[in-house]
Amino acid sequence: MSRAGTGARGGRSGRRGRRGRRGTALAAVVAVAALLGGCAGLSRSGPVEPGLEVGSANPPDVRFTFPGPVEGAGQESMVRGFLRAGAASDGAYENARAFLTAPVSERWNPDRAIVLLADDTAPSARLLDTATVEVTARAAGTVDAEGRFTAVKPGSTVKAVFRLSTVGGEWRLSELPEGFGRWIARSDVSRLVQPYALHYVSTSRRALVPDVRWFPSDKLATRLARAQLAAVPVHLRGAATTAVPAGARLLGDAVSVDSGVATVNLISARLGPGEALRQNLWAQFVGTLTQDASVNRVALSVDGVPVDLAGLDASAGTLAEVGFATPPGAALPAPVVRRGNDVVGFDPASTEQDPRQPATPVTYPPVDRSYRHLALSADGTELATADPGEQGVSRWRGTNRYEVPLDAGDVGSPAYDRRGWLWLGAVSGEGPEGPRLWVVDTRADPADPEAARARGVSASWLDGRRVLEARVAPDGDRVAVLSVGADGAGHRIDLAGIRRGGGGVPQSLASPLRLAVPVVRAVSLAWLDDRTLATLAVLDGRTLQPTVLTVGGEVRPLAAVRDAVAITATGGERELFVTTASGRLFAREGSQWVDNGPADDLAVPAG
């Protein structure tokens, strides 16, 4: 049977592999010369495309350097030369500093604020007056001094104004824009700056919680270790903690790497007692530093004294060695698809026009199409929906439907997590400051009106907003929240840590980290893994299209699907599904979307 695709090929860019080794010095010179023609961007149209996998550092096989000032060069040439020279590898910025006056060179911090450009065109330079040059380029996003990447809207431009003066009869840059670091071209990004995760310890389980930042690739182990010393970021406070003593610093402000072993020696007034705390400290540094491809193991000391663990000999290379073994994941039931009122198991491996059921299908009750936004529990025994008119929530067990006691209306899409909680957005009847996010304990008898009552989750940053959907990350420690203002505008996607009380009850959310800043409007959310989500988003003010976004700030649109209303993932990015208003299910195949048969809803078990 023929397949119909809704998108053109080319909507997905493959991961960049490691650069091939150049065999001769001449080849290295050619590689550098090829880059002198101008800057390139990070994506085709503005949003950032993926680079290397987090944890696969790209050690430079070729040292990239760029020429210093040329005698007699004009003002525009001096500014362009400075921007090019900032793309040198290994932190070799001597030539870049040569374009600056001595005081400016001393103050310039190349990593303070980094702009990632968005096309292959060299920045334009314009002489405003004899001593002032303005440069303009298309931007994909910015990386601040803390490593936070922020994508910008497609087509955005960045401008910078430089002042120049003469030194010994030659032009030099005498004033940089406030906080200026570097502009990095698209073709240079994969070798100069990449996303990596810092790690903190969950307060509700024996595991690490990632926080993704962008770091320059030179001296990577030292950069990662320095960043790991900082306090828990605000969006994870209460959901995660750190074993790093407050005020700790690195001996010599550096980490040495010898034969694959990274030696971390902390200077600290005190290290708290207990084997568990030492395990936590080890786990944080092992999880973070082994992302550097040059690091196989970590040796850890405090004030020159090794941090001892039972059974550990001097260094560690895996989390299992320091007491953080990953438990095997539970087998998940098959997703379910609703066609009309019928709910049946769905085999995501099928690409037929009439999707086949799993080999051992589970029987589900019919669910009338007026009940919207179908959700499936982690164990596959329960369904949930928003009621007709979105003024309530229903749970379905066996052939029975149970109404969730809820003092709220304007219900969003319900979603289960793997810890037994049903999450839903709803506007409280208590007024503007009442709860906007709720949870239901699905372990309780749904027929018990008190035990099965929805409980509010405190998050003051949601005051006055409506939660359209809340999706808990696979780790259960963070939640992505899609919300909108009271006027139906101002769509936001935020990430926040979940603060839990006794019995694992979600009680409140930490302050949010905003994701997908360029998104104008969004519908539906799905986690692909612990660092990546998918949504249906409008980026250009017109087209609603499947979009991949990361907790590290990247935003990448995929080919559009006509009349898309929801997006679901049965695995990673290659296992995305989109349902449409006309009741069709489209599966991702390469850069296209292929009609996978009739469906009004596709629900995937939490996990």
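**Helices, a sheet and a buried tyrosine**

Reader: Which hand does the crossing of α6 and α7 have?

Author: The crossing of α6 and α7 is right-handed, meaning that the near helix is turned clockwise from the far one by less than a right angle. Please keep in mind that this is a predicted model, in which local features need pLDDT of at least 70 and side-chain atom pairs count only at pLDDT 80 or more, while totals for chains, interfaces and linings use all residues. Residues are numbered from 1 along each chain as its sequence is written, and side-chain values use heavy atoms, with hydrogens and water left out.

Reader: And at what angle do the axes of α6 and α7 cross?

Author: At roughly 145°, with the axes of helix α6 (residues 220–228) and helix α7 (residues 275–289) coming within 10 Å. Axes are lines fitted to C-alpha atoms, for helices over the stretch in contact, with angles from 0 to 180 degrees between N-to-C directions, and helices (H or I, at least four residues) and strands (E, at least two) are DSSP runs numbered from the N terminus.

Reader: Which residues make that contact?

Author: On the α6 side they are Ala-221, Leu-224, Ala-225 and Gln-228, and α7 brings Gln-284, Phe-285, Thr-288 and Leu-289, where contact means heavy atoms within 4.5 Å.

Reader: Changing topic, what is the strand order in the open sheet of 4 strands?

Author: The order is β23-β24-β26-β27, with antiparallel pairing. Because β23 (415–416) and β27 (455–457) are at the edges and each have a single partner strand, one side of each is left without a neighbour in the sheet.

Reader: How many bridges join β23 to β24?

Author: There are 2 bridges between β23 and β24, and two strands pair if DSSP finds at least two bridges between them. Tyr-416 stands opposite Leu-422 in β24, and in the hairpin of these two strands, with 4 residues between them, Gly-420 takes a positive phi near 95°.

Reader: What about the other pairs, how many bridges do β24 and β26 have?

Author: β24 and β26 pair over 5 bridges, with Trp-423 opposite Val-439 in β26. Strand β26 (residues 437–441) then pairs with β27 over 3 bridges, and Trp-438 has Gly-456 in β27 as its bridge partner.

Reader: Why is β24 largely enclosed by the rest of the structure?

Author: Strand β24 (residues 421–425) is largely enclosed because 5 of its 5 residues are buried, that is, under 20% relative accessible area, with exposed being over 50% and partly exposed in between (1.4 Å probe, protein chains only). Trp-421, Trp-423 and Gly-425 point one way from β24, while Leu-422 and Leu-424 point the other way.

Reader: Which residues of helix α2 are buried?

Author: In α2 (residues 75–85) the buried ones are Gln-75, Met-78, Val-79, Gly-81, Phe-82, Leu-83 and Ala-85. They pack against several elements, including α3 (94–97), β3 (132–143) and β5 (157–167).

Reader: And where does Tyr-93 lie?

Author: Tyr-93 lies in the loop between α2 and α3, and it is buried, with a relative accessible area of 8%. Leaving aside neighbours within four places in sequence, Tyr-93 is in contact with residues including Ala-85, Trp-108, Arg-182 and Asp-218. Tyr-93 and Gly-68 are 25 residues apart in sequence, yet 9.8 Å apart in space, C-alpha to C-alpha.
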